[in-house]
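Dear colleague,

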Amino acid sequence: MYRSQKLSLRYYTAAVALFGVMIVFGLLSALYYLYPSLLFNVFNFNMSKILHIDTLVIWLLMGFLGAVYWYLPKELGREVEGMWLAELMFWVFCAAVVVVAAVFVFVQYGAANEFSMWFINQGRKYVEAPRWAAIGIVVVMLVFAYNVIATCIKARKMTGIMWVLVLDLIPLLAVYLDAFPAVTNMSVDLYWWWWLVHMWVESTWEVLIGCVMALVLMDVMGTSRRIVETWLYIEVMLVLGAGILGLGHHYFWIGTPQYWLSIGGFFSALEPLPLLGMVVHAIYDAGTHRMKTNNQPAFWWITAEAFGNFIGAGIWGFMMTLPQINLFSHGTQWTVSHGHFAFYGAYVCGVIAVLYVAKQQVSGADVLGGRAWKWGFGLLNFGMVGMVMGLLLAGMAQAFYGRAMGGSTLMAFTTASENPWFVSGMYARMLFGVVFAAGYVVLVYDLLTSPRRVPALQAQPEPA
Ligand code: HEM
Ligand code: HEM
Ligand SMILES: [Fe+2]
């Protein structure tokens, strides 16, 4: 095993641990909806939610870093350049996460001044980390970029996937710089902040996971490089074509010019296309290989990724992306429903697939199968779909009773929050959240236990 693959295992471990922390704070956040005065002024909803969504971003990033460190030496046929620096950065990254989390739990907030920006909280949703830690993340990502690019140069080799990955690192890093400036005009602030959030999840991360999926498909299904790279180019072209101006769907109601209604509406309606491309791609590959693979769990998680990405991001996003509908659905639990489904489908499922790829190599098993992974797969998917449906119900009740009928007043908001459809949606979310958490426990158990020996017959390669 390459040294960078050992580093990748460390990143995976940290990612899975933070995934657990994220679930804990997700469950706690959900509990406030049932008991609104829970831990009042001791630990309020806002801090719990910050910890939930910030750990989300961090563990997925760690999963991506792990995946790239895993595949880089395989792809280029040599050890990654600057490994000692990469290893150092891993510890810097972990230390920063622990310190920031401790500050969020114990200090929570500060005065509205520069000190708070530097040491407590920068206040931008999803990237709340204080400035020093945000600078730390930039350094970690710069070292990562150096590792990737220097390895390509030393190896004197570039594959199509590597080109896409390297070029994607530029916007990935550049938009993160958006987490820094302290703009006092709310519209201007949001205008730029969406460059970060939207461009990450709907463009640069989408391209990154496309690269990772291409590598996993070649690895697990033995798909030919020509096929995965062709699809990757098509997907990237469509993602960038639709995703960049699709940014407009966040500019509908924040004080930006009216033309964003048409631009955002049109381009984000095109956004599901690349995601559909990914589904077709996965089915095509599975079909040509008659669904034969030695790594069942990775295969099913890739398939879940393709469908989850299309349905959660594409369809759930499309539902509320036209301004005429968004007028009513904006900022309700409907949005939260889409947020959960999309992040889970597009990224969580993909990261779990690479975890199983690593498990197979570490355990030295010819075939990965057994029963536990199926339980993990079932519980996590069932839990997520249940949560998403509960949230959709609650969000539609808010859109209908609070917005369309009630006219968006504070009173209408309150009435909608007491509506039985809303309330039962919140209970459903809690319940399915527990199912999801159980799935997580099974997943961790399965990843940590060594696989049972499977008769060699199944391990034989398929006939050509
Ligand atoms: C993997 C891809 C995606 C992820 C992870 C994702 C995630 C999210 C999240 C977390 C939010 C809530 C942001 C907030 O207010 O805090 C959001 C909002 C939104 N997303 Fe996506 N999304 C994805 C793709 C898409 C696509 C493809 C579309 C359109 C077809 C879309 C349409 C929207 C719209 C219209 C909103 C604004 C909702 C509102 O008005 O409150 N998203 N997305
Ligand atoms: C046990 C499972 C989970 C529970 C109980 C849970 C609960 C919650 C709650 C209560 C919120 C706050 C919503 C609000 O502001 O009204 C939230 C937000 C969020 N969660 Fe989760 N969550 C869980 C799992 C996940 C997973 C697996 C993901 C990602 C794959 C995720 C991503 C998000 C995102 C992106 C937001 C922000 C949504 C927005 O403000 O539009 N959560 N979650
Ligand atoms: Fe967006």
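Helices here are DSSP runs of H or I with at least four residues, numbered from the N terminus. This is a predicted model, in which local features need pLDDT of at least 70 and side-chain atom pairs count only at pLDDT 80 or more, while totals for chains, interfaces and linings use all residues. Residues are numbered from 1 along each chain as its sequence is written, and chains are lettered from A and ligands numbered from 1 in the order in which they are written.

The shell around ligand 1 holds 24 residues, the closest being Ala313, Gly317, Gly339, Ala342 and Ala346; a residue counts as near if its C-beta atom, placed from the backbone, lies within 6 Å of the molecule. Two or more residues each come from helix 7 (186-221), helix 11 (296-319) and helix 13 (333-363), and helix 13 gives the most, with six.

Helix 7 has 36 residues and spans 49 Å from its first C-alpha to its last, close to the expected 52 Å, which is 1.5 Å times one less than its number of residues. A kink of about 55 degrees is centred on Trp200 in helix 7, the bend being the angle between axes fitted to the seven residues ending there and the seven starting there. After helix 7 comes Gly222, which has a positive phi, near 70 degrees.

Val216 touches Ala298, Ile302, Ala353, Val354 and Val357, leaving aside residues up to four places away in sequence; contact requires C-beta atoms, placed from the backbone, within 7 Å.

With kind regards

How values were computed
Two residues are in contact if their C-beta atoms, placed from the backbone, lie within 7 Å.
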